[in-house]
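Here are some notes to read alongside the model. Keep the structure open and find each residue as you go.

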Amino acid sequence: VTGAGRGIGRAIARICHDEGADVAITSRTRSELEETAKNTSMVILPCDLSEKEQVVLLVKQLQSEWGEELGHFTLINNAGGSQRKKGTIDTLPSSDLEDMLQLNVVTVHTLTSAVLQVGKPQCIINISSRAAKIGIAGNAFYVASKFALEGYSATLALELVGRTTVNTLSPGMV
């Protein structure tokens, strides 16, 4: 579970653990992961998913923990963020859009691709947002990044048909 240091990711990790799953959690902040894993057997793997070298190391650590081929597992891509600067499209710099796409789409691809190269996930769940389906004034870049994640997930599902189930979950405002 990525982005498991707080919020939706923390809740997902705890639910999976409580249901009996072996759970590995990641986020950038070790202390938040330690809080998530408190009194559990979750595997803590701090990682900045925007750093490809760290993602490669994360996958190697998972292989070391759970076996070279990783067996059957579910990848839950939850890490991401919201748009910090709000405003109309004509007032927002393109660099903010690039940052949002990097955070909410490129990091998902980086980890998913790395995992698929060595493992056979039964399921990949990408956490999107209801915003991708309805739009939100003043949040065009966040909406665009989550819409892109929806398209990425739909394409991934087609490419992995018969091998891995791919879905998105799209919660409302949290």
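1. Start with a term. A cavity is a set of grid points where a 1.4 Å probe fits but cannot get out, and its lining residues have an atom within 4 Å of a point. Bear in mind that this is a predicted model.

2. Now the cavity itself. The count comes to 1 cavity of 30 Å³ or more. About 30 Å³ of space lies in the largest cavity. Its lining is made up of T2, L49, N77, N78, A79, T107, V108 and L111. Helix α4, residues 94-118, gives the most to this lining, with 3 residues. By class, the lining has 4 nonpolar, 4 polar and no charged residues.

3. Next, the largest pocket. Its volume is about 1,300 Å³. It is lined by 44 residues, and those closest to its centre are G80, G81, S82, L103 and N104. The elements that give two or more residues to the lining are α1 (7-18), α4 and α6. Of these, α4 gives the most, with 7 residues. The lining divides into 14 nonpolar, 20 polar and 10 charged residues.

4. Then the second largest pocket. Its volume is about 400 Å³. Here 21 residues form the lining, and V1, A24, W66, F73 and T74 are the closest to the centre. At least two lining residues come from each of β1 (24-25), α3 (52-66), β3 (74-77) and α4. By class, this lining has 16 nonpolar, 4 polar and 1 charged.

5. Look at K146. Which helix holds K146? K146 sits in helix α6, residues 140-159. Is K146 buried or exposed? K146 is buried, yet it has no salt bridge. The nearest side chain of opposite charge is E150, 8.2 Å away. A salt bridge needs a side-chain nitrogen of Lys or Arg within 4 Å of a carboxyl oxygen of Asp or Glu. Leaving out residues up to four places away in sequence, K146 touches N104, I127, S128, S129 and A132.

6. Finish with N39. This residue has a positive phi of about 60°, although it is not a glycine. Where does N39 lie? N39 is in the loop between α2 (30-37) and β2 (43-44). Why does N39 count as exposed? N39 counts as exposed because its relative accessibility is 79%, and the cut-off for exposed is over 50%.

Conventions:
Residues are numbered from 1 along each chain as its sequence is written. This is a predicted model: local features need pLDDT of at least 70, side-chain atom pairs count only at pLDDT 80 or more; totals for chains, interfaces and linings use all residues. Side-chain values use heavy atoms; hydrogens and water are left out. Helices (H or I, at least four residues) and strands (E, at least two) are DSSP runs, numbered from the N terminus. Buried means under 20% relative accessible area, exposed over 50%, partly exposed in between (1.4 Å probe, protein chains only). On a 1 Å grid over the protein atoms alone, a cavity is a set of points where a 1.4 Å probe fits but cannot get out, and a pocket is an open set with protein on both sides within 12 Å along at least five of seven lines; lining residues have an atom within 4 Å of a point. Grid points are joined across faces, edges and corners, and a volume is the space filled by probe spheres set on the points. Ala, Val, Leu, Ile, Met, Phe, Trp, Tyr, Cys and Pro count as nonpolar, Asp, Glu, Lys and Arg as charged, and the others, Gly among them, as polar. Lys and Arg count as positive and Asp and Glu as negative; His and the chain ends are not counted. Contact means heavy atoms within 4.5 Å.
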